[in-house]
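Please open the model in a viewer and keep the selection panel at hand.

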Amino acid sequence: QYMSQPYIIIPAQGSDQTDEWLRLGVEAQINGQYAIAQQRYQQALRLDPRHAIATQNLAIVFAQSNLLNEALLTIERATIFDCDTHGVIYMNWALMALESERIDEALRVAQKAVELAANPATKTALAMVLAASGKPEEAIPLYNSILDEDPKHIVAGLNSCFVQTLTSATPKEFLYQRKRWWDANHYTGPIALHYNNCDPERPLRVGYVGGDFKQHSAAFIFAAILLHHSSDIESYLYSSLPVNPDA
């Protein structure tokens, strides 16, 4: 499943000294300065040890630093301080639990997030957890409810098509879901003519798009196709994911 920005950072809500440290922490966190953000959130918590937003943002810093156990302990503490005011805190907790493969916990808190605030962010989190917990048929209506509100919602659009492949949907249902995405997002700009060489003796240029061209089981299988190409074929590989040249 795809999700472009899993965690939602909550900005400062006030203007006192604690909120100023929180504001500085958010600024550092957005810029990827996680160590500095951690220091600033901890300074805010020295002033107000029960500050729910500073606690939840600190939990996200831990998650972004691949310290998931610390993240889960911290986000749970944030919900205790929050008194069920911000559904987004439960949403972030659900995503952390999902990343940690604690599916039962993720499902419980994702449902709580939607109960507190039924919006595209919380519904997306619950739908992702439902799919991971073997309930893809329950995820699709959630994604479609998001698309009813925002037809261009990229996560709901892509995931609704992918998750549907995990169900017993018919080809007609597959077509409907994909057409819904196409109708909202297909290219509507000018279409340029193709200026390719029409010489039938030219080498055939074949492009492959994927995210698994490096160290991946799919790459090992796919390599056999490339190795069997003759000199009449020019291969072009386009990676859909960032590539580590050292991997």
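The stops below cover a helix, a loop residue and a nonpolar core.

This is a predicted model, in which local features need pLDDT of at least 70, side-chain atom pairs count only at pLDDT 80 or more, and totals for chains, interfaces and linings use all residues. Residues are numbered from 1 along each chain as its sequence is written, and side-chain values use heavy atoms, with hydrogens and water left out.

**Helix 7**

Select residues 120–132, which form helix 7 (helices are DSSP runs of H or I with at least four residues, numbered from the N terminus). Its 13 residues reach 18 Å from the first C-alpha to the last, close to the 18 Å expected at 1.5 Å a residue (the expected span being 1.5 Å times one less than the number of residues). Of these residues, 10 are buried, so helix 7 is largely enclosed by the rest of the structure (buried means under 20% relative accessible area, with a 1.4 Å probe and protein chains only). Next, display helix 5, helix 6, helix 8 and helix 9, which are among the elements covering its buried residues.

**His-153**

Move to His-153, in the loop between helix 8 (136–149) and helix 9 (154–164). His-153 is buried, with a relative accessible area of 17%. Leaving aside residues up to four places away in sequence, His-153 touches Pro-120, Thr-124, Ile-146, Leu-147 and Trp-181 (contact means heavy atoms within 4.5 Å).

**The largest nonpolar core**

Finally, select Leu-22, Tyr-41, Met-96, Leu-126 and Tyr-143, which have the most contacts inside the 54-residue largest nonpolar core (a set of buried Ala, Val, Leu, Ile, Met, Phe, Trp, Tyr and Cys residues joined through side-chain atoms within 4.5 Å). Helix 5 (residues 87–99) gives the most to this core, with 10 residues.

How values were computed:
Helices (H or I, at least four residues) and strands (E, at least two) are DSSP runs, numbered from the N terminus. Buried means under 20% relative accessible area, exposed over 50%, partly exposed in between (1.4 Å probe, protein chains only).
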